[in-house]
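Welcome! Take a moment to look over the sequence and the fold below, and then we will walk through them together.

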Amino acid sequence: MKQKAKDENVLAQNRQARHDYFIKDTYEAGIALTGTEIKSVRARHVTLRDGYVQIINGSAFLENVHIDEYKEGNRYNHDPLRSRRLLLHKKEIAKLADVKAQKGMTIVPLKVYLKHGFAKVLIGVAQGKKEYDKRETIRSATRTGNCAENTEFKESAGRRIFCLSYENYFYIHT
């Protein structure tokens with residue numbers, strides 16, 4: 001029951017990030033928002049798809065995250081793609097800066113949610129996946145039954161066959 005209430009507070013998720021990256025570590029950060037931005041966030045008008053985190057002069061900024069303009073905000077509306085400061089401890093920012101300096105590592109937003117009335121973002125330290133890694137992730141998810149999208153099930157000689165539209169057939173004994 002408690003888990004369901006927690007899931008209802010999730011306002012936006014970046015599912016593409018879990019497909020494109022291996023998530024090594026996660027951090028929870030607050031977001032510095034203006035008045036019309038928080039109203040748009042609460043109305044679930046947030047897109048995290050192309051977002052990333054930049055460390056500039058000892059501060060973390062959320063870049064390229066689209067928060068729609070508040071429709072009743074008139075002249076006090078915000079720029080939808082502006083940089084937003086992330087509220088993190090100095091030690092956390094230092095760790096993130098060290099990780100970002102490594103080759104092949106990046107920091108991406110995973111989800112935006114409300115916690116005690118404040119907007120929070122879950123950011124992940126990520127390493128890019130190769131194309132074959134993405135295919136292997138899809139295969140393993142299908143084998144465990146976690147992947148129901150774009151999957152056809154067929155029965156053949158006592159075996160259950162999974163057929164994905166962009167992959168070959170493979171067999172799983174049941």
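In what order do the seven strands of the open sheet stand? They are arranged 1-8-9-2-7-5-4, and their pairing is antiparallel. Before going further, please note that this is a predicted model, in which local features need pLDDT of at least 70 and side-chain atom pairs count only at pLDDT 80 or more, while totals for chains, interfaces and linings use all residues. Residues are numbered from 1 along each chain as its sequence is written, and side-chain values use heavy atoms, with hydrogens and water left out.

**The sheet**

Strands (E, at least two residues) and helices (H or I, at least four residues) are DSSP runs, numbered from the N terminus. Two strands pair if DSSP finds at least two bridges between them.

Strand 1 (10-13) and strand 4 (52-56) each have a single partner strand, so they stand at the edges with one side left without a neighbour in the sheet. On average, neighbouring strands of this sheet are turned by 40 degrees against each other, direction ignored; the axes behind this angle are lines fitted to C-alpha atoms, for helices over the stretch in contact, and angles run from 0 to 180 degrees between N-to-C directions. The partner of strand 1 is strand 8 (residues 105-115), with three bridges in the antiparallel sense. Within strand 8, Val112 stands opposite Ala12.

**Helix 3 and what follows**

Which residues of helix 3 (residues 35-42) are buried? They are Thr36, Glu37, Ile38, Ser40 and Val41. Buried means under 20% relative accessible area, exposed means over 50%, and partly exposed lies in between (1.4 Å probe, protein chains only). The buried residues of this helix pack against strand 1, strand 3 (46-47), strand 6 (66-67), strand 7 (84-87), strand 8 and strand 9 (118-128).

After helix 3 comes Arg44, with a positive phi near 65 degrees. His45 sits in the loop between helix 3 and strand 3, and His45 counts as partly exposed because its relative accessibility is 39%. Leaving aside neighbours within four places in sequence, His45 is in contact (heavy atoms within 4.5 Å) with Ser40, His66, Ile67 and Asp68. From His45 to Ile67 there are 22 residues in sequence, but 5.9 Å in space, C-alpha to C-alpha.

**Salt bridges**

Side chains of opposite charge can pair when their charged atoms come close. A salt bridge here is a side-chain nitrogen of Lys or Arg within 4 Å of a carboxyl oxygen of Asp or Glu. How many salt bridges does the structure hold? There are three, and here they are:

| Pair | N to O distance |
|---|---|
| Lys115 and Glu28 | 3.3 Å |
| Glu37 and Arg82 | 2.7 Å |
| Arg84 and Glu37 | 2.9 Å |

Let us take them in turn. In the salt bridge of Lys115 and Glu28, distant parts of the chain are linked: Lys115 lies in strand 8 and Glu28 in strand 2 (residues 21-31), 87 residues apart. Lys115 is partly exposed at 34% relative accessibility, and Glu28 is partly exposed at 33%.

The salt bridge of Glu37 and Arg82 joins helix 3 to the loop between strand 6 and strand 7, across 45 residues. Glu37 counts as buried because its relative accessibility is 0%, whereas Arg82 is partly exposed at 25%.

Finally, Arg84 forms a salt bridge with Glu37, linking strand 7 to helix 3, 47 residues apart. Both Arg84 and Glu37 are buried. Through shared partners, salt bridges join Glu37, Arg82 and Arg84 into one network.
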